[in-house]
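Here is a short tour of one protein model, written to be read beside the sequence and the 3D view. Take a look at the structure, and then let's go through it together.

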Amino acid sequence: MKAISIQTFGRPDGLAVVDLPIPEPAAGQVLIATEAVGVGGVDTLIRSGALAAYGFQEGHIPGSEVAGTVSAVGDGVDASWIGRRVWGFTGTGGGYAEQAVAPVEQTVPLPGSLSAAAAVTLGGSGAVAHFGLRHARFAAGETVLVRGAAGSIGIMAVQLAARGGAAAVAVTTSSSERGERLRRLGATHVLDRSGNGGEEAPPGYDIIIDVAAGEDMPSFFDRLNANGRMVAVGAVAGQPPADFGTKIMAAFQKSMSFAAFSAATITPADLSAVRSEQFDAAARGEIEAVVHELLPLDEAVVAHKKMDAGQVFGRIVLTP
């Protein structure tokens, strides 16, 4: 089968098409003939070599979420899964391939009217946005700022906060064109990347969902209300400064808090339940899966170049 391998860490050109044996599903796994593969921010970090200290090596097959049809099952898995259209979480890799394995406990059947591309746009990002807002103890009537809102996680956080009754949903983004698209998805105020602009924007926020992190993250503590909560759900701009917590301590009397959130702390059953609900909502047109572009699997280099250049609104999807 055709797959994409990281031959050399660093630039996108280090990705290459390789021919590999079709994997066999182990006990508790399903084999999925992929129709769509999501390109995520973590894929670019792994490809760059930034996560090599965590055990990633050259030769790794990127990709964590796929959608397609189950073609085989491992021991202990009901054979009725075979032939079903599903979304599957492959873990930290293995998705950029014509066939991929996923644990059955992290495999979710798809509504008939939902495309595979929409599924890989919603499956990972929707769950992170949902549980990230829950981690922040979001309640109707609160003000929310989504930092780095143009990616798939940010877009879902905007939609879910708006649907959940937020009093205001502000976003940071790089252009007015992206801002207008985010308004159509539920944003009420559009700010620049520094959090400035929008004369009618709230002076402070109860919750900040931060997809970016990076060197500028500490400055956003100044935009939290008393008892405000910032939750980092990603780090597409890199790690924050080592001393970022001093900002919180300097404003001790505001009782602000910071937390990181990873979907790895949520049980597979809870993740699958939320994903199933969101897939159904998308099929009904209640939430939107924003697909930036469909590209053939063998154009993964092009996809990663666009990711690195910050040209993506939503998610790029590879199609084997």
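Which residues in α1 meet which residues in α7?

## Two crossing helices

G41, D43, T44 and R47 of α1 meet H304, M307 and D308 of α7, where contact means heavy atoms within 4.5 Å. These residues divide into 1 nonpolar, 3 polar and 3 charged, with Ala, Val, Leu, Ile, Met, Phe, Trp, Tyr, Cys and Pro counted as nonpolar, Asp, Glu, Lys and Arg as charged, and the others, Gly among them, as polar.

The axes of α1 (residues 41-48) and α7 (residues 300-308) come within 10 Å and cross at roughly 100°. That makes α1 roughly perpendicular to α7, a label for angles of 65 to 115 degrees. Axes are lines fitted to C-alpha atoms over the stretch in contact, and angles run from 0 to 180 degrees between N-to-C directions.

## A buried glutamate

E65 lies in strand β4 (residues 65-73); strands are DSSP runs of E, at least two residues, and helices are runs of H or I, at least four, numbered from the N terminus. E65 counts as buried because its relative accessibility is 3%, and buried means under 20% relative accessible area with a 1.4 Å probe, protein chains only.

The side chain of E65 makes a polar contact with the side chain of R315 (2.5 Å). A polar atom of the E65 side chain also lies 3.0 Å from the backbone nitrogen of G124.

## About the model

This is a predicted model, in which local features need pLDDT of at least 70, side-chain atom pairs count only at pLDDT 80 or more, and totals for chains, interfaces and linings use all residues. Residues are numbered from 1 along each chain as its sequence is written, and side-chain values use heavy atoms, leaving out hydrogens and water.

Technical notes: Buried < 20%, exposed > 50% of the residue type's maximum accessible area, 1.4 Å probe, protein only. Polar contact = N/O pair within 3.5 Å; in protein donor to acceptor, adjacent residues only side chain to side chain. Parallel < 35°, antiparallel > 145°, perpendicular 65-115°, else oblique.
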